[in-house]
Amino acid sequence: MKVTSLPYPNKFAASSRAEKPVSAQADAGAVTWRMFSSGSAYARSFLMHRLALISLLERIPADQASFKAWEGGMSFMRLTDHLSGSIMRLNAMLQGQTPEKIEPSSDWSGALERMNSSTAAATTLLEGLSEETLSRVIP
């Protein structure tokens, strides 16, 4: 599934400005930062940034996907896999599971497809976060 636009076309600008950052809360030595008060606000913010990233990644020719900006750095394909995998790891952690290792994509089109499908999954995941989950302190 390819996500190409925000599912909240007219509400984003108004509602994102309406969200007020919540100050850090300390509980038994742990600190929690909350930027938004709802899962849908997190989803809108995530999607806005992710769609810009996808637009940039789609402009990279397949023969340049292995490019690394410095020796030892991640290639475009590895970075794309890493970002896609972060959503899978987040979902596992929210369910109390140990995140699994993400296998690298075999080609650039596969990495882009994984990015698109992980974006759709992340949007659904974030929209479904409850107030209780958003308020949870992780030590």
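Reader: Among contacts in the chain between residues at least 6 apart in sequence, what percentage join residues at least 24 apart?

Author: The model is predicted, so local features need pLDDT of at least 70 and side-chain atom pairs count only at pLDDT 80 or more, while totals for chains, interfaces and linings use all residues. Residues are numbered from 1 along each chain as its sequence is written, and side-chain values use heavy atoms, with hydrogens and water left out. Contact means heavy atoms within 4.5 Å. Among contacts between residues at least 6 apart in sequence, the share that joins residues at least 24 apart is 68%.

Reader: What percentage of the residues in the chain is buried?

Author: Buried means under 20% relative accessible area, exposed over 50%, and partly exposed in between, with a 1.4 Å probe and protein chains only. Of the 139 residues in the chain, the buried ones make up 34%.

Reader: How far apart are the end C-alpha atoms of helix α2?

Author: The expected span of a helix is 1.5 Å times one less than its number of residues. Helix α2 covers residues 39-57, and its 19 residues should therefore span 27 Å. The separation of its end C-alpha atoms agrees with this, at 26 Å.

Reader: How do α2 and α4 run relative to each other?

Author: Two packed helices are described by the angle between their axes and the distance between the axes. Axes are lines fitted to C-alpha atoms, for helices over the stretch in contact, and angles run from 0 to 180 degrees between N-to-C directions. Angles under 35 degrees count as roughly parallel, over 145 as roughly antiparallel, 65 to 115 as roughly perpendicular and the rest as oblique. The axes of α2 and α4 come within 8 Å and cross at roughly 170°, so the two helices are roughly antiparallel.

Reader: Which residues of α4 make the contact with α2?

Author: On the α2 side, the contact is made by G39, S40, Y42, A43, F46, L47, R50, L53, I54 and L57. Those buried in α2 include G39, A43, F46, L47, R50, I54 and L57. The partners in α4 are W108, L112, M115, N116, S118, T119, A122, T123, L126 and E127.

Reader: With which residues is I54 in contact, leaving aside its neighbours within four places in sequence?

Author: I54 lies in helix α2 and is buried, with a relative accessible area of 5%. I54 and N116 are 62 residues apart in sequence, yet their C-alpha atoms are 7.7 Å apart. With sequence neighbours within four places set aside, the contacts of I54 are M115, N116 and T119.

Reader: What is the handedness of the crossing of α3 and α4?

Author: Helix α3 (residues 76-94) and helix α4 (residues 108-127) pack at about 30°, with their axes 9 Å apart. That angle makes α3 roughly parallel to α4. A crossing is left-handed if the near helix is turned anticlockwise from the far one by less than a right angle, and right-handed if clockwise. For α3 and α4 the crossing is left-handed.

Reader: Which residues of α3 meet α2?

Author: The axes of α2 and α3 come within 12 Å and cross at roughly 155°, so these helices are roughly antiparallel. What covers the buried residues of α3 includes α2 and α4. F46, R50, L53 and L57 of α2 meet T80, L83 and I87 of α3.

Reader: Is W108 buried or exposed?

Author: W108 is found in helix α4. Apart from neighbours within four places in sequence, W108 is in contact with L57, I60, P61, A62, A65, F76, M77 and T80. Its relative accessibility is 6%, so W108 counts as buried.

Reader: Which residues form the aromatic pair?

Author: Rings of Phe, Tyr and Trp (its six-membered ring) pair if their centres lie within 6.5 Å; planes under 30 degrees apart count as stacked, over 60 as edge-to-face and the rest as tilted. A search of the whole structure finds one aromatic pair. This pair is tilted, at 5.7 Å centre to centre and 35° between the planes, and is formed by F67 and F76.

Key:
Helices (H or I, at least four residues) and strands (E, at least two) are DSSP runs, numbered from the N terminus.
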